[in-house]
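Subject: Structure handover and findings

Dear colleague,

Please find the structure below, together with its sequence. My findings follow it.

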Amino acid sequence: MEYLTIENASKSYGEKVLFENISLTISKGEKIAIIAKNGSGKSTLLKIIAGLEAVEGERAKIRLSKSIKTSFLDQEPDFDKLSTVMDVLLNSDHPSISAIRNYEDAMSSKNEEAIQDAIARMEDLKAWDTEAKIKEILYKLKLDDLDQLVGTLSGGQKKRLALAKIVIDEPDFLILDEPTNHIDIEMIEWLENYLQSSNLTLFMVTHDRYFLERVCNQIIELDKGKLWIYRGNYSEYLEKKAMRTHQDTMNYDKAKKLLAKELEWVRRQPKARGTKAKSRVDSFHKLDKHVSSISFDKVFEIDVDTVRLGKKIVEFYDASKSYGDKVLLKDFWYKFKKGERVGISGVNGSGKSTFIKLITGDERLTSGKRVIGETVAFGHYKQDGIQLMEDKRVIDVIRDYGDYIPLKKGLKLSASRLLETFMFPPEQQQVYVSQLSGGEKKRLHLLCVLMGNPNFLILDEPTNDLDVITLNVLEDYLSQFPGCLVIVSHDRFFMDKLVDHMFIFKGAGEIQDYNGTYSEWKAQSHNHQSKPKKIIEEPLNKPVEAQESTKRKLSYTEKMEMQNIEKRLEQIAKRKKEIENSFLEKDLSSEQIQSLSKELGQLNNETDEIEIKWLELAEIEG
């Protein structure tokens, strides 16, 4: 069944053409992501599909099936500031949610007849189960205060509220614009599992490559106003794009040779030409335009010459930090070493950003000691950005921080060349900051930090609003960075690629120092987990009478199912440990590693599925 059809759609802003005469079909069950450079029109296309922006083109058609329910997650969700969290969640035409809203209203009115009618309606629709599901989702997304006004929520909390509403509403077709921005890794992994296992049809923009790998079955690239469709997940997209790029390279070489011949012919001709000659000249100009339009992702090497770090870099001795009763750092001891690459992970509010400010000296310790070496030059990319002058040109913004970065062997990397490396071509370097997209401004902020040529680089959520292509360029740059690197990020792929040492913030000032990547820590932590814990206690505001009327015991079959699940979880944990030990063997072939990795992924998926069933049975058992 086709959910959406787009034909000959175009969109431009002034002279800037985002896309022209593109066509696309989305069918039931497809999970599609769109990839493009910042400013190419990804979010605009999503808004056109969601009906929030008009499409252009005389022959343009957009057909969205009227028999399905569609939900759209914007990058910046907009709710009534005077509504409460509960008001937003219950504002739905879903029958069970409508029943819950009527019950809440009846309880507020204290009208006995209305309350009894509402309870009967809840029983008929089994809406108590929906209410329990709402509580589970709120627990997962850490939305605890249901009476909190939306106007007092942070940007991250609004994003989580919007996600919660979408999951609760159970749409058929879901349009997501950067769903992983502003939520921590634990929530991202929960959302990933939900989208992976559900029957939803998806169309989304995301830079999270593990998301692309594990959730999507089709990836679309928007490049120079055209759509390129790749069936499969992210790794399959990379393989197929490499093949297309190789073919383009061959075509490019052929076209260049033909162009050289045509150019030689054009130069030989006298100014007065006949019709046949004019045809050859026209063909030359078309070929010239075609060859000029072909571009390839460049792999670059930049041997930056940073100021040499001395023996003493950054050291913490018995360091603690708290705000009132809230402890963020407790009795912390650590000495940073040359060339260290540390990733920082933990739930929102556990103290990650504060820790970074303690490193740079922007915050002071409550107790203990911090020592900074004399040669340390910090570069700090802040997730809340810097104030860019809107009326300045891009090149002038960068030159305010420096004209060049020194390279080895006495070479220099100019400000203009650095901008080109990070996909600001010469013509775009002359545009004003006010003309840049949100992602382009983030990229410019990042380059301002790099232009300072730091030897201790700190990146606080650098991947938010950056496209996948920019992330690849940034990773190439950072992989060659010779100084100390500290990264706070919810992007697991980015962390795994760049860091080999983790600080895991667990809350209440506790920090786990783990020697390895995020994925290695996560796999080890998962193996050490015991039985799944019960999450949901009782549905919200459910009356005692209703609790007693629905309470029951497990049947014999259900008890046996629960025991079998527990046995299977033990078997899975044992097998995971065996796989983990196998990875330590030095003589493993690449085929064996691939096979074991695939099996480990299947075991993780199975664990997620049967734990959900275990939770359902555990709740019935009480």
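Is Cys 448 buried or exposed? Cys 448 is buried, because its relative accessible area is 3%, and the cut-off for buried is under 20%. Cys 484 likewise counts as buried, with a relative accessibility of 1%. The structure holds zero disulfides. Please note throughout that this is a predicted model.

Overall composition

The protein chain comprises 21 helices and 20 strands. Of its 622 residues, 48% are buried. The chain exposes about 32,600 Å², and carbon and sulfur atoms supply 49% of that area. Among contacts with a separation of 6 or more, 69% are between residues 24 or more positions apart.

Ile 175 has Phe 203 in S7 as its bridge partner.

Thr 180 is found in the loop between S6 and helix H7 (185–197). Why does Thr 180 count as buried? Thr 180 is buried because its relative accessible area is 0%, where the cut-off is under 20%. Leaving aside neighbours within four places in sequence, the contacts of Thr 180 are Ile 188, Thr 206, His 207, Asp 208, Phe 211 and His 490.

Ser 235 belongs to helix H9 (residues 234–268). With a relative accessible area of 28%, Ser 235 is partly exposed, because that value falls between the 20% cut-off for buried and the 50% cut-off for exposed. The C-alpha atom of Ser 235 is separated by 9.2 Å from that of Arg 209, and the two residues are 26 residues apart along the chain.

The nonpolar core

In soluble globular proteins, nonpolar side chains tend to be buried together. Here, the largest nonpolar core has 102 residues. Which residues have the most contacts inside that core? They are Leu 195, Leu 444 and Leu 478. Not counting residues up to four places away in sequence, Leu 444 touches Leu 388, Val 394, Val 397, Ile 398, Leu 419, Phe 424, Val 433 and Leu 436.

Helix H11

Helix H11 (residues 352–360) is mostly covered, as seven of its nine residues are buried. The buried residues of H11 are Lys 352, Thr 354, Phe 355, Ile 356, Leu 358, Ile 359 and Thr 360. Just after H11, Gly 361 adopts a positive phi of about 90°.

With kind regards

Methods: Residues are numbered from 1 along each chain as its sequence is written. This is a predicted model: local features need pLDDT of at least 70, side-chain atom pairs count only at pLDDT 80 or more; totals for chains, interfaces and linings use all residues. Side-chain values use heavy atoms; hydrogens and water are left out. Two strands pair if DSSP finds at least two bridges between them. Helices (H or I, at least four residues) and strands (E, at least two) are DSSP runs, numbered from the N terminus. Buried means under 20% relative accessible area, exposed over 50%, partly exposed in between (1.4 Å probe, protein chains only). Contact means heavy atoms within 4.5 Å. Accessible areas come from the Shrake-Rupley method with a 1.4 Å probe; for residues, only the protein chains shown count as cover. A disulfide is a pair of cysteine sulfur atoms within 2.5 Å. A nonpolar core is a set of buried Ala, Val, Leu, Ile, Met, Phe, Trp, Tyr and Cys residues joined through side-chain atoms within 4.5 Å.
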